[in-house]
Amino acid sequence: MVFVLRRIVGPSRFTSSRKTQEEKKAASAKKAASAAATSTTKTTATTTSKVVSKRNSISKTKPAARTRSGSSSPVAPVGSPKFVSPLSLRAQQAIIDCSKRIRANEIDYSTVATVLTSWEHKILKIGSDWARPTGISFLRHIFRLEPKTITMFGFPHDTKYNDPKLFSNERFVTKGIRLIKAINMAASFLGPDLEPLEDELYKLGWRHIAMQAQPEHWPIIGEALFCVFDDCMLGGFSIKERQAWTLIYNFMGFHMIQGLKAHYGKLAISHAAKVAITNQEVPEIEDPSSSESTFVSTSDEAEVDSSKSKKQLIELSRETLYRDSLMCDKRVPISSISYATVHHVVTSWQVILNIPDWERVTGELFIRYIFKLEPKTIEMFGFPADTDYRDPDLVHDITFMTKGIVLIKAIDTSVQLLGPDLYPLEDIVYDLGKRHVMMQAQPEHWPVIGEALFLVFEECMEGKFTGEVREAWTLIYNFLGYHMIEGLKAQYKHMAERGQQ
């Protein structure tokens with residue numbers, strides 16, 4: 001039948017009809033594709049328009065971002081790298097607000113992860129010497145933002161934050177490194193559960209009393225830290241990272257400030273109490289003629305009632321308990337010193353710093369105990385051989401008191417050097433040991449100094465020099481003492497070799 005029809009109408013009509021149907025289908029598909037493309041283009045254009053509009057509105061309502069040099073720069077255009085210039089310094093200060101409590105359960109782990117990842121991959125990976133450039137930048141920004149902190153850190157008031165000489169000032173560099181390493185230690189505290197961290201931050205805050213810290217310093221430190229991130233972070237400091245760091249910084253800062261305020265209050269009460277009470281209730285050297293004297297001779301000891309408090313009497317038999325454990329003759333591996341050990345030392349030292357006029361009180365005790373334990377040191381310190389360590393008039397001797405204060409401040413300096421990274425400290429105390437040649441120090445003096453120090457702790461820490469604290473101090477003292485003695489021996493050897501030449 002088909003064959004007959006083809007013969008009648010011809011083959012071209014069938015072919016033409018089939019082609020027409022196919023062309024219609026193709027045209028319809030093309031039209032649909034064209035419509036879809038047009039819709040996509042419109043959507044993209046709308047989205048782009050919104051983004052541009054939003055960025056333009058931001059640039060109109062917010063001040064221009066600051067560059068590293070401090071000048072203003074425009075907001076990055078669409079299509080630029082993910083790095084976005086930081087907000088202005090004023091905007092940062094408005095964001096960093098440690099006055100309001102942020103609860104641990106309000107911080108999700110993605111925020112913590114953002115902080116840890118940015119710190120690990122953008123700061124620690126700067127290089128093995130990461131703490132030096134970031135520490136220098138940190139301290140310089142602090143000085144720039146708040147010039148009053150210059151004298152607080154022990155530098156002349158006319159020190160310029162942008163003075164190139166600061167880069168070669170080892171004291172400046174050391175302080176900067178300690179600051180940035182404190183941030184590193186704080187970052188290491190972070191984890192999935194932040195609630196236990198609140199108490200640790202509270203305790204950490206009151207330790208800042210020794211540095212004369214005030215609540216208004218926290219926004220300045222935070223602002224300076226963010227400037228460091230802008231200067232040094234590999235790949236830049238993104239908005240997401242800024243938001244995460246701001247939340248964590250405000251969380252930590254709040255609890256540290258609470259600890260600081262609480263202990264400033266206690267210190268004020270303690271000082272007022274000292275004025276109100278008698279001198280017998282304040283830890284100090286008593287008149288040797290008193291039967292309750294802290295320092296007693298061997299012959300007098302038997303006559304003293306054994307029920308006297310430890311604060312009034314430290315028996316001679318107890319003085320030999322410490323010396324054998326403080327020989328400093330064996331190297332203490334850094335790997336054996338845990339953070340808990342350092343924490344016990346630093347926290348217990350704060351008890352000493354909380355004593356009103358602590359330098360004079362503990363310095364006087366310290367040098368008297370040294371003279372008592374090793375009479376040969378009396379001449380070594382420049383006093384007549386017949387000087388009696390119990391002489392109450394020594395408190396009026398400027399030379400005696402100055403030397404005692406210098407000694408106890410040397411202990412304070414050693415404690416301040418402690419941190420999460422103890423390796424750089426080995427070289428520092430080694431060089432410190434070399435300088436002890438000028439004082440005619442000998443290795444056998446270290447156990448005596450340590451013993452005297454522990455007796456000061458026992459008398460002044462009001463029962464807080466516990467076994468756990470004593471073990472921590474023993475480990476740290478032996479660690480520091482070993483490297484100081486090694487430096488001392490090396491210097492004596494060097495001097496002997498020069499004398500033979």
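1. Now for the overall picture. What you have here is a predicted model. The chain holds 19 helices and 2 strands. Out of its 501 residues, 40% count as buried. If you take the contacts with a separation of 6 or more, 77% of them join residues 24 or more positions apart.

2. Back to the H14 and H18 pair, this time residue by residue. On the H14 side you'll find Thr362, Leu365, Phe366, Tyr369, Ile370 and Leu373. Across from them, H18 brings a list that includes Val448, Ile449, Ala452, Leu453, Val456 and Cys460. By type, the residues of this contact divide into 12 nonpolar, 1 polar and 2 charged.

3. H14 also packs with H16. How do these two cross? Their axes come within 7 Å and cross at roughly 100°. With 65 to 115 degrees as the range for roughly perpendicular, H14 and H16 are therefore roughly perpendicular to each other.

4. Which residues make up that second contact? From H14, among them are Trp358, Arg360, Phe366, Ile367, Arg368 and Phe371; from H16, the list includes Phe400, Met401, Lys403, Ile405, Leu407 and Asp412.

5. Next, the inside of the protein. The largest nonpolar core has 61 residues, and those with the most contacts inside it are Trp349, Phe366, Phe371, Phe457 and Trp473. Two or more residues each come from H13 (339-353), H14 (358-373), H16 (398-417), H17 (423-435), H18 (445-460) and H19 (467-500). H19 supplies the largest share, 10 residues. Apart from this core there is another, of 51 residues, including Ile107, Ala131, Leu179 and Ala213.

6. What does it touch once its neighbours within four places in sequence are set aside? The partners are Thr377, Ile378, Phe381, Phe383, Tyr389 and Phe400. You've already met Phe371 and Phe400 in the contact of H14 with H16.

7. Is Glu458 buried or exposed? This residue sits in helix H18. Its relative accessibility is 9%, so Glu458 counts as buried, the cut-off being under 20%. Arg470 is 12 residues away from Glu458 in sequence, and their C-alpha atoms are 9.6 Å apart.

8. Two backbone spots deserve a look. Most residues other than glycine have a negative phi. Cys328, though not a glycine, has a positive phi of about 60°. You'll find Cys328 in the loop between helix H12 (316-323) and H13. Its relative accessibility is 3%, so Cys328 counts as buried.

9. The other spot is Glu462, again not a glycine, with a positive phi near 50°. Glu462 lies in the loop between H18 and H19. Here the relative accessible area is 60%, so Glu462 is exposed.

Terms used
Residues are numbered from 1 along each chain as its sequence is written. This is a predicted model: local features need pLDDT of at least 70, side-chain atom pairs count only at pLDDT 80 or more; totals for chains, interfaces and linings use all residues. Side-chain values use heavy atoms; hydrogens and water are left out. A nonpolar core is a set of buried Ala, Val, Leu, Ile, Met, Phe, Trp, Tyr and Cys residues joined through side-chain atoms within 4.5 Å. Buried means under 20% relative accessible area, exposed over 50%, partly exposed in between (1.4 Å probe, protein chains only). Helices (H or I, at least four residues) and strands (E, at least two) are DSSP runs, numbered from the N terminus. Contact means heavy atoms within 4.5 Å. Ala, Val, Leu, Ile, Met, Phe, Trp, Tyr, Cys and Pro count as nonpolar, Asp, Glu, Lys and Arg as charged, and the others, Gly among them, as polar. Axes are lines fitted to C-alpha atoms, for helices over the stretch in contact, and angles run from 0 to 180 degrees between N-to-C directions. Angles under 35 degrees count as roughly parallel, over 145 as roughly antiparallel, 65 to 115 as roughly perpendicular and the rest as oblique.
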